[in-house]
Amino acid sequence: MELYGLTARAVRDRIVAGELTAEAAARACLERIAAVEGKVHAFVSVDAEGALRRAKEVDAALARGERPGALCGIPIALKDNLCTAGTPTTCSSKILANYVPPYNATVVERVLAAGAVPIGKTNLDEFAMGSSTENSAFGTTRNPWDLERVPGGSSGGSAAAVAAGEAVMALGSDTGGSIRQPASFCGVVGLKPTYGRVSRYGLVAFASSLDQIGPIAKDVADAALLLGVIAAHDPRDSTSVPEPVPDYVGQLEADIRGRKVGLPREFFIEGMDPEVEGAVRRAVEVLAGQGAEVMEVSLPHSRIDVKDGQLSAYAVAAYYVIATAEASSNLARYDGAHYGHRTAVSHLQFAHGRDVPIEDATPLVEMFSRSRAEGFGAEVKRRILLGTYALSSGYYDAYYLKASKVRSLIRRDFDEAFERADAIACPTSPTAAFRVGERADDPLQMYMGDVFTISCNLAGIPGIAVPCGFTTGGLPIGLQLLGRPFDELGLLQLARAYERVTDHHQRRPPL
Amino acid sequence: MTTASYESVIGLEAHAQLATRTKLFCGCSTRFGAPPNTQTCPVCTGHPGVLPVLNRTAVEYALKTALALNCQVSRQTALDRKNYYYPDLPKNYQISQNYKNLGFDGHMDIEVGGETRRVRIHNVHLEEDAGKLLHPEDVQQSTLLDLSAEGRAALAGMTLVDLNRAGTPLCEIVTQPDMRSVEEARVYMETLASALLYLGVCDCKMQEGSLRFEASISLRPFGATEYGNRVEIKNVNSMKAVVHALEYEAKRQADRLSHGERVARETRLWDDAAGRTVSMRSKEEAQDYRYFPEPDLVPVEVDAAWLERVRAAIPEMAPARRRRFVEGLGLPDYDAGVLVADKALADYFEECVRLGAEPKAASNWLMGSVMRQLKDSGARIADLAARVPPQGLCELIAAVQDGTLAPNTAKEVFQEMAATGKGATALIAERGLRQISDSGELEAVVLRILTENPKAVADLRQGKKQALGFLMGQVMKATGGKANPKAVAGLIGRMLPKAP
């Protein structure tokens with residue numbers, strides 16, 4: 001097998017055994033990028049020089065006899081909303097096109113400390129707002145399985161890079177499915193940890209109460225390996241939780257006999273893609289075959305209604321109020337005053353008739369408004385407007401407060417379901433990867449695609465997407481498993497048990 | 001009708017910078033006066049991806065303030081985001097409190113014209129300060145900007161942002177509209193400042209902006225129960241400015257009302273140089289701050305143990321101390337009032353009493369020589385105490401009391417102590433300032449003076465009191481002013497019959 005096709009464990013084992021250098025591993029990924037990046041466009045920036053320098057450092061440390069880290073020499077891709085000191089972090093937005101953070105995100109510090117070699121920053125929907133990676137100021141990422149299709153989003157770049165072998169593993173962020181849905185579309189494993197499991201310090205915020213960083217990997221064991229490195233309490237993130245971190249890798253192989261797997265009645269809806277439903281049901285049978293007890297559970301407030309072919313769901317409605325409200329405030333700082341894009345239009349131009357001033361605007365408002373108007377893309381603007389409206393005086397109770405109550409009800413549903421079941425199984429997305437442009441003009445349809453992933457973020461629980469089959473057209477389908485708070489280990493064990501007896505995760509896209 | 005026909009209804013908002021070493025959400029220093037943007041980090045400059053971490057000491061200081069102002073305390077308090085755009089606010093939202101204020105429904109009593117008035121406190125909450133804008137004239141004049149002449153010229157017309165202050169913890173104290181005159185507002189501000197100093201939560205340096213006020217005022221005819229339209233006044237940077245701005249507004253509003261005109265509900269800016277307020281924005285243009293719970297911070301649980309610990313750490317406040325000085329130490333109410341107004345002065349006083357000084361004597365010294373010395377030198381009591389510690393003043397007081405030192409000499413000795421830092425006993429010995437009270441030594445002198453002044457002796461025998469003064473003066477002259485006047489007067493009386 002080509003080097004780029006190896007799992008992280010295999011790469012690390014060979015480096016530690018002296019059969020491979022970190023430099024060679026980095027070069028293999030860089031060569032693979034050179035070969036396929038033109039088709040996939042998974043990266044916003046590739047730091048070949050930095051990667052090779054870092055790889056040589058890792059090799060030198062090993063040569064000095066230092067103990068190899070958990071990610072020793074593994075080329076890793078970082079979603080471009082994770083701050084990296086000294087290298088651009090754009091969030092795929094024009095407004096941060098030239099922004100270079102003065103500090104590293106906590107997760108970046110942790111993967112570096114574990115010996116990983118960051119290879120580049122991956123593409124995303126601008127500020128992680130989207131489900132297709134089409135909303136990027138720097139071009140659309142393509143699905144390695146079908147270049148006419150989207151890789152999902154918003155961590156589409158990270159998922160595509162791992163699927164295409166451009167990176168051995170990657171970090172993504174998940175606010176409403178942004179790790180799990182692209183992992184499912186690209187046929188890789190993606191895990192969204194419990195809210196508070198991984199520090200958000202240095203993750204450029206989209207919706208603070210929903211965002212969580214997690215691993216995207218070629219298989220479950222690699223995901224466990226990366227999660228073990230990034231999961232930790234961080235005093236710099238008050239919402240991170242000082243919960244002990246289990247040995248995910250060491251305890252991965254487990255007997256799942258007697259594990260209770262719940263199928264939420266509300267998620268198996270009429271009109272769901274039959275291929276997706278079939279693959280997920282077969283995957284649940286595989287788990288049952290290994291001794292898992294399958295049962296029906298109910299998540300009434302995550303119900304999906306279908307009327308005249310249109311989907312609607314409380315969870316999606318509540319999510320798009322809370323997420324946009326928080327985003328409207330989180331994105332207020334991009335105003336051209338301190339960093340990032342600042343408009344070139346000035347009053348000098350008005351005097352020369354080259355531009356028309358905004359009505360009633362002071363020079364300050366002129367600068368703010370124009371910088372933001374020029375710097376943000378359409379979807380980001382739409383969400384800022386939605387969120388600003390939802391928080392406005394007189395609407396706060398009807399929207400934000402109401403959505404918060406729905407969120408509590410959704411959480412309670414999960415609490416009750418987890419009194420009976422150890423995990424919940426469902427599809428990751430109602431369909432496999434859709435075509436580029438197919439949903440670009442229909443934001444509502446795009447939002448409804450998040451219907452199975454959103455509740456997990458609202459409830460703050462962990463979720464994992466694992467490959468569970470392919471459509472007849474050859475597109476990956478993902479099984480989603482949701483678990484109790486801080487039971488990432490239980491999810492990984494179930495997912496690994498599934499993976500042990502299936503080979504979907506071993507298939508690679510025909511690039 | 002004039003101002004005299006209307007009653008003022010005034011409310012005040014105080015912003016007290018909490019005297020913590022570091023900022024509210026990061027580890028940057030809160031020191032005042034550093035060169036621009038040298039006390040900043042990614043967190044307080046609002047870089048993408050950063051998160052706030054709440055400073056527990058700041059919460060504790062605000063809690064202490066809330067308790068001292070008799071507030072109810074939220075057992076679960078939380079921070080909220082207040083959203084507005086301004087370049088001195090790097091995140092374009094301020095982390096503040098709106099839905100679960102730390103303290104609420106409190107009160108503070110103030111004394112105005114010998115009467116006690118109760119000002120209700122609407123809430124006490126925690127928030128972060130913004131940075132500072134350096135407008136073009138500030139940029140050109142700033143001594144903190146290390147600029148060449150060309151550099152300064154290149155910045156002509158530009159406004160710069162200094163974020164050193166951004167993220168400094170503030171405790172906002174909001175009153176109900178309970179003050180009925182500008183004088184009451186003035187006394188409230190002074191009483192609050194004194195309380196904050198007693199609590200040790202704010203250094204109250206108005207000139208450094210560590211205690212700032214905003215005021216609102218409406219007028220109504222005396223006897224009316226409904227409020228008039230309220231005007232909020234911003235840009236009042238000192239207590240003096242608040243008083244002037246309120247006086248101006250009271251008059252402006254009275255003029256309008258007496259001419260049958262309406263007072264618009266609006267926010268007005270105080271122009272200190274011009275001595276007037278100007279309209280800033282009307283109620284219709286009022287900002288919508290879109291408050292919502294800060295998702296980057298978890299709610300703060302104020303448990304019973306913490307609350308009790310903070311409550312126990314509240315020192316005796318000025319009013320109680322004043323009562324104790326009067327009732328326990330027998331000071332006149334006036335003295336007690338003067339002493340407790342400055343916590344450090346009152347502390348100094350108490351230390352003197354603890355070391356054995358007679359309270360009234362110590363009070364006289366502090367209100368006389370000490371306060372005059374402070375006023376003349378512009379020093380604080382702490383500076384003086386470094387040279388004249390309470391122990392030193394006690395020695396001086398004792399020396400006067402036991403007749404060692406004449407009162408006027410003692411005042412000179414005090415000046416000497418304040419200037420040199422030398423002890424009283426040492427100075428008295430060094431200068432030979434000890435009074436002569438010894439009868440044997442004095443008897444000889446008195447006898448000589450009586451013998452040398454038969455005319456005066458005769459006058460005194462006839463009951464002419466001036467003669468006593470003359471004779472005493474002669475004795476003092478003969479002893480170089482060191483004779484104890486009491487002892488001399490006694491001796492003259494006793495020796496008069498024996499005189500020739």
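Guide: Let's start in chain B, where nine strands make up an open sheet with mixed pairing, running in the order β2-β6-β7-β10-β1-β11-β12-β13-β14. The two edge strands are β2 (72–73) and β14 (276–282) of chain B, and each of them pairs on one side only. Keep in mind that you're looking at a predicted model. It scores ipTM 0.96 and pTM 0.90. For chain B, the mean pLDDT is 91, with 97% of its residues at 70 or more.

Zoom in on one pair within that sheet. Strand β11 (residues 211–221) of chain B and strand β12 (residues 231–234) of chain B are joined by three bridges and run antiparallel.

Take A:Met169: skipping neighbours within four places in sequence, its contacts are A:Ala8, A:Ile74, A:Ile76, A:Val162, A:Pro215, A:Ile216, A:Ala217, A:Asp222 and A:Leu226. A:Ile76 from that list belongs to strand β2(A), and both faces of this strand are covered. On one side you have A:Pro75, A:Ala77 and A:Lys79, on the other A:Ile76 and A:Leu78, and all are buried. In other words, five of the five residues in strand β2 (residues 75–79) of chain A are buried. The strand pairs with strand β3 (residues 117–122) of chain A in the parallel sense, over five bridges. In that pairing, A:Ala77 stands opposite A:Gly120 of β3(A).

Three strands make an open, antiparallel sheet in the order β5-β4-β15 (chain B). β5 (93–96) and β15 (292–293) of chain B each have a single partner strand, so one side of each is left without a neighbour in the sheet. Strand β4 (residues 80–83) of chain B is joined to β15(B) by two bridges, again antiparallel. B:Asp80 has B:Pro293 as its bridge partner in β15(B).

Now for a couple of helix residues. B:Val182 is found in helix α4 (residues 182–199) of chain B. B:Val182 counts as buried because 22 other C-beta atoms lie within 10 Å. Not counting residues up to four places away in sequence, B:Val182 touches B:Ser8, B:Val243, B:Leu246, B:Glu247 and B:Ala250. By contrast, B:Asp333 lies 151 residues from B:Val182 in sequence and 25 Å from it in space, C-alpha to C-alpha.

Over in chain A, A:Val284 has its place in helix α8 (residues 274–289). A:Val284 is buried as well, since it has 21 C-beta neighbours inside 10 Å. With residues up to four places away left out, A:Val284 touches A:Val261, A:Leu263, A:Val294 and A:Ala425. A:Val284 and A:Tyr498 are 214 residues apart along the chain, yet their C-alpha atoms are separated by 8.8 Å.

Finally, step back to the domains and the chains. In chain B, the domain assignment gives domain 1 (3–130 + 165–304), domain 2 (316–431) and domain 3 (439–498). The C-alpha centres of domain 2 and domain 3 of chain B are 34 Å apart. In chain A, the assignment gives domain 1 (3–244) and domain 2 (312–401), and the C-alpha centres of these two lie 29 Å apart. Between them, 20 residues of domain 1 of chain A are in contact with 17 residues of domain 2 of chain A. The domain 1 side of that contact divides into eleven nonpolar, seven polar and two charged residues. As for the two chains, 24 residues of chain B are in contact with 35 residues of chain A. The chain B side splits into 13 nonpolar, six polar and five charged residues.

Definitions and conventions. Residues numbered from 1 in each chain as written. Chains lettered and ligands numbered in written order. Predicted model: local features only at pLDDT ≥ 70, side-chain atom pairs only at ≥ 80, totals over all residues. Domains from an automatic or database assignment. Contact = placed C-beta atoms within 7 Å. Nonpolar A, V, L, I, M, F, W, Y, C, P; charged D, E, K, R; others polar. pLDDT = per-residue confidence, 0-100. Pairing = 2+ DSSP bridges. Helix = DSSP H or I, 4+ residues; strand = E, 2+ residues; numbered from the N terminus. Buried ≥ 20, exposed ≤ 12 C-beta atoms within 10 Å, placed from the backbone.
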